[in-house]
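Please read the points alongside the coordinates.

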Amino acid sequence: MKPNSFLLKSTVVAALGGLLFGFDTAVIAGTTHALTQTFHLSPGTLGFTVSSALWGTIIGSMLAGIPGDRFGRRDSLRIMAVLYVVSALGCAFAANLPMLVTARFLGGLGIGGSSVLGPMYIAEIAPAKWRGRLVGLFQFNIVFGILLAYFSNYVFGTLQLGDAEWRWKLGVSAVPALLFLLMLFGIPRSPRWLVKKQRLDEARDVLRMIGEEHYERQLNEIARSIDAEHVTNDSLFSWKYRFPIFLAVSIGIFNQLSGINAILYYLNDIFAYAGFSKVSGDLQAVVIGATNLIFTMIAMSVIDRIGRKTLLLIGSVGTAACLAGVAAIFLTHSHQNLLVWLLTGYIAFFAFSQGAVIWVFISEVFPNRVRAKGQSLGSFSHWFMNALISGIFPLVAASSGGYPFIFFAVMMVLQFFVVLTVYPETKGFSLEEMQKKLGIA
């Protein structure tokens, strides 16, 4: 079965939450210097300002499963879209630091919720054979959003906007956020959520519309896996779910222990430490963002053939090597000309592995009846580590230079062995077959 136009449209619209996720995550990198000057921020206060969105993201990812189960994945995404719009406008018109931090916190709620609801929605409408590539569209949009943020920062940086420059950089995302909200009114509900709510006729219609050839058989298989008598009293933290919980939490934590978001958020500062000017730093960031996009596309083209596990193993080796090289530059204060190449290589390996795999993998390892809560848990572990590392990074990097990069490299070596010995391969299995493969009754 090849994806039909209705399935593709629904996937693309749901994945647009990833574009806003990526844009809002990375756009701060081009404003840290201006914010420091405008609000007289210390390194610690700058870390708090940057990570304020991330604490919103933590709460958003923790709680998104509740409306996701109650109102459905699609309708909950509409709430996230509203949060994106309010956040962008709040940042653009912030009169003081508390207003800016509050607006970024609201944007964080939207990012956290999107990171749960977007991949979950796509995984639940996608056929097994195409699930990796279709859920991968969410990650594609994240990195496309990151690239757009870097390019947007570069463009606004050349327009001589003076003190208002950072407001334009942070506020421009209100436009795509509004488009995302409007487009969400043209896609269906998740058929698996509909079955869970005993709305079988609607679920059957959706399965038929997305091109499921054996929709009646698929409907019966979904209904059996959900097992209606357990829907209301099954707890995510039951002993039988310990393995998918470990997989989702560990991949979320390792994703951040690679240092990816600490590097993306402070990319301009890292280039400044290495002697690049403001505009050249913005331009180098565009190169990094483009590399991220290209290698995410390569990973998406092979993820359903090579598999999730193999991509993670390749990425662990490549990111560890590049991070070790970055650490050497900062510790020896030499060969700064290699910094761009090492960071570009690091981003390429990350995009080809953890970046492309994480949201696919978390959306696959939980059974239907606890997927919303499980997706929230996996996303929460990712965002909690993100906030922790991003808040601490400017303090640690200011005093120790290369040591954070050594730490990230060691964590990638550890990830290699955990993935090699513990992680299962999930490619090619339906969500219901995956439940059996992991031994969940």
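1. Helix axes here are lines fitted to C-alpha atoms over the stretch in contact, and angles run from 0 to 180 degrees between N-to-C directions. Helices are DSSP runs (H or I, at least four residues), numbered from the N terminus. The model is a predicted one, in which local features need pLDDT of at least 70 and side-chain atom pairs count only at pLDDT 80 or more, while totals for chains, interfaces and linings use all residues. Residues are numbered from 1 along each chain as its sequence is written, and side-chain values use heavy atoms, with hydrogens and water left out.

2. Helix H11 (residues 200–209) and helix H12 (residues 215–226) have axes that come within 9 Å and cross at roughly 130°. H11 and H12 are therefore oblique to each other; angles under 35 degrees count as roughly parallel, over 145 as roughly antiparallel, 65 to 115 as roughly perpendicular, and the rest as oblique. Their crossing is right-handed, a term for a near helix turned clockwise from the far one by less than a right angle, with anticlockwise giving left-handed.

3. In the contact between these helices (heavy atoms within 4.5 Å), Leu200, Ala203, Arg204, Leu207 and Arg208 of H11 meet Tyr215, Glu216, Gln218, Leu219 and Ile222 of H12. By class, the contact of H11 with H12 has six nonpolar, one polar and three charged residues. In this scheme Ala, Val, Leu, Ile, Met, Phe, Trp, Tyr, Cys and Pro are nonpolar, Asp, Glu, Lys and Arg are charged, and the others, Gly among them, are polar.

4. The axes of helix H1 (residues 5–26) and helix H9 (residues 174–183) also come within 9 Å, and cross at roughly 160°. H1 and H9 are therefore roughly antiparallel to each other, and the crossing is left-handed. From H1, Val13, Ala14, Leu16, Gly17 and Leu20 meet Pro176, Ala177, Phe180 and Met183 of H9. This contact has eight nonpolar residues, one polar residue and no charged residues.

5. Pockets and cavities are found on a 1 Å grid over the protein atoms alone: a cavity is a set of points where a 1.4 Å probe fits but cannot get out, a pocket is an open set with protein on both sides within 12 Å along at least five of seven lines, and lining residues have an atom within 4 Å of a point. Grid points are joined across faces, edges and corners, and a volume is the space filled by probe spheres set on the points.

6. The second largest pocket has a volume of about 400 Å³. Of its 20 lining residues, Pro127, Ala128, Glu212, Gln218 and Ser430 are the closest to its centre. H12 gives the most to this lining, with three residues. The lining of the second largest pocket comprises eight nonpolar, three polar and nine charged residues.

7. How many cavities of 30 Å³ or more are there? The count is three. The largest cavity has a volume of about 160 Å³, and of its 17 lining residues Gln139, Ile142, Asn255, Asn261 and Phe350 are the closest to its centre. Its lining divides into nine nonpolar, eight polar and no charged residues.

8. The second largest cavity holds about 110 Å³ of space. Among its 13 lining residues, Asp24, Val27, Ser87, Cys91 and Arg104 lie nearest its centre. Helix H6 (97–125) supplies the largest share of this lining, four residues. The classes are seven nonpolar, four polar and two charged.

How values were computed
Helix = DSSP H or I, 4+ residues; strand = E, 2+ residues; numbered from the N terminus.
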